[in-house]
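Please keep the sequence and the model open while reading.

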Amino acid sequence: MTARNSAAAQAAAMRARARRGVWQRLLAVLGVRTGRVRRADAVAARWEHGAAGEAATARLVAALGSQGWVMRHDLRMPGSRANLDHLLVSPCGTAVVVLDSKNWRRGCTTMLVGGRVYCGADDRQDQVDAVARYAARVARTLNLPGVVVWPLLVVHGSPIAGGRLEARAPGWDGVVHVLGPARLVPTLAAAPKAHNPVRAAAVAARVDRVLLPYVPGPRRVR
């Protein structure tokens, strides 16, 4: 499935909405950016920053398709306004990876401090906790006995201390793997011990039935 990027679409929509109206268009012609437009552009820039990380991850994992992995991108989280950046079905059909992309600050190392994930001085544990919650919800939604769901965070920009981290999250019985892009594909490619295309296809079909493409709603810029 071709990667969609709702974050980039959301950013473009924010910029367009802030510039609607005759008065806004006239000011734009005169080279004037109103407070409304400046606020919209600032929020849109953050979305575009995240979108760049999601697009980079999608390009990386595309290489796994030739090894039997099935990829889905930008899926709607059941019962939530959140979206799943990426979801991968292993070639053996016994694992599903819930993969969240982040684009954190360059020059700041991502590390474990007191059991929490930090990017430099910024506590990012909430984002680790979030991908664990996503994985738990995906496991409940798929309801496939014998299929393990793994939460995984890939961080672009910020280097990872030691190359990879194994973080913990409340309510998740296991670890959340935090990797840099260089470790992502080798880690996933080494995971399957056998291929079962029939089982993998059945898991992918279940994913397609219960996890639909994400359609972002409008966000108002005040």
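## Cysteines

A disulfide is counted here when a pair of cysteine sulfur atoms lies within 2.5 Å. In general terms, a disulfide is a covalent bond between the sulfur atoms of two cysteines. The model is predicted, so local features need pLDDT of at least 70 and side-chain atom pairs count only at pLDDT 80 or more, whereas totals for chains, interfaces and linings use all residues. Residues are numbered from 1 along each chain as its sequence is written, and side-chain values use heavy atoms, with hydrogens and water left out.

How many disulfides does the structure hold? The count is zero. For Cys119, the closest cysteine sulfur is that of Cys108, and the separation of 5.1 Å is too far for a bond. Cys119 has a relative accessible area of 0% and is therefore buried, a term that means under 20% relative accessible area, with exposed meaning over 50% and partly exposed in between (1.4 Å probe, protein chains only). Cys92, at 15% relative accessibility, also counts as buried.

## Salt bridges and a charge over a ring

The structure holds five salt bridges, each being a side-chain nitrogen of Lys or Arg within 4 Å of a carboxyl oxygen of Asp or Glu. One of them joins the side chains of Asp100 and Lys102, with 3.3 Å from N to O, and both Asp100 and Lys102 are buried.

Another salt bridge is formed by Asp122 with Arg105, whose closest N and O atoms are 2.9 Å apart. This pair links distant parts of the chain, 17 residues apart, since Asp122 belongs to strand S6 (residues 122-123) and Arg105 to the loop between strand S3 (95-103) and strand S4 (110-113); strands are DSSP runs of E with at least two residues, helices are runs of H or I with at least four, and both are numbered from the N terminus. Asp122 counts as partly exposed at 28% relative accessibility, and Arg105 is likewise partly exposed, with a relative accessible area of 42%.

The side chain of Asp122 also meets that of Arg124 in a salt bridge of 3.6 Å, N to O, and Arg124, at 14% relative accessibility, counts as buried. Through shared partners, the salt bridges join Arg105, Asp122 and Arg124 into one network. Arg124 additionally lies over the face of Trp104, at 4.9 Å from the ring centre; the rule asks for NZ of Lys or CZ of Arg within 6 Å of the ring centre and within 35 degrees of the ring normal.

## The three-stranded sheet

Strands of a sheet pair through backbone hydrogen bonds, either parallel or antiparallel. In this model an open sheet of three strands has the order S4-S5-S6 with antiparallel pairing, where two strands pair if DSSP finds at least two bridges between them. S4 and S6 stand at the edges, and because each has a single partner strand, one side of each is left without a neighbour in the sheet.

Strand S5 (residues 116-119) pairs with S6 over two bridges in the antiparallel sense, and Cys119 stands opposite Asp122 in S6. Gly115 lies in the loop between S4 and S5 and is partly exposed, with a relative accessible area of 49%. Although Gly115 and Arg168 are 53 residues apart along the chain, their C-alpha atoms are separated by 7.3 Å.

## Strands S8 and S9

Strand S8 (residues 164-167) runs antiparallel to strand S9 (residues 176-179), and four bridges join the two. Within this pair, Leu165 stands opposite Val178 in S9.

## Helix H4

Helix H4 (residues 125-142) has 18 residues, which at 1.5 Å a residue should span 26 Å, and its end C-alpha atoms are 26 Å apart, in agreement with that figure; the expected span is 1.5 Å times one less than the number of residues. H4 is mostly covered, as 13 of its 18 residues are buried. Asn143 follows H4 and has a positive phi, near 50°.
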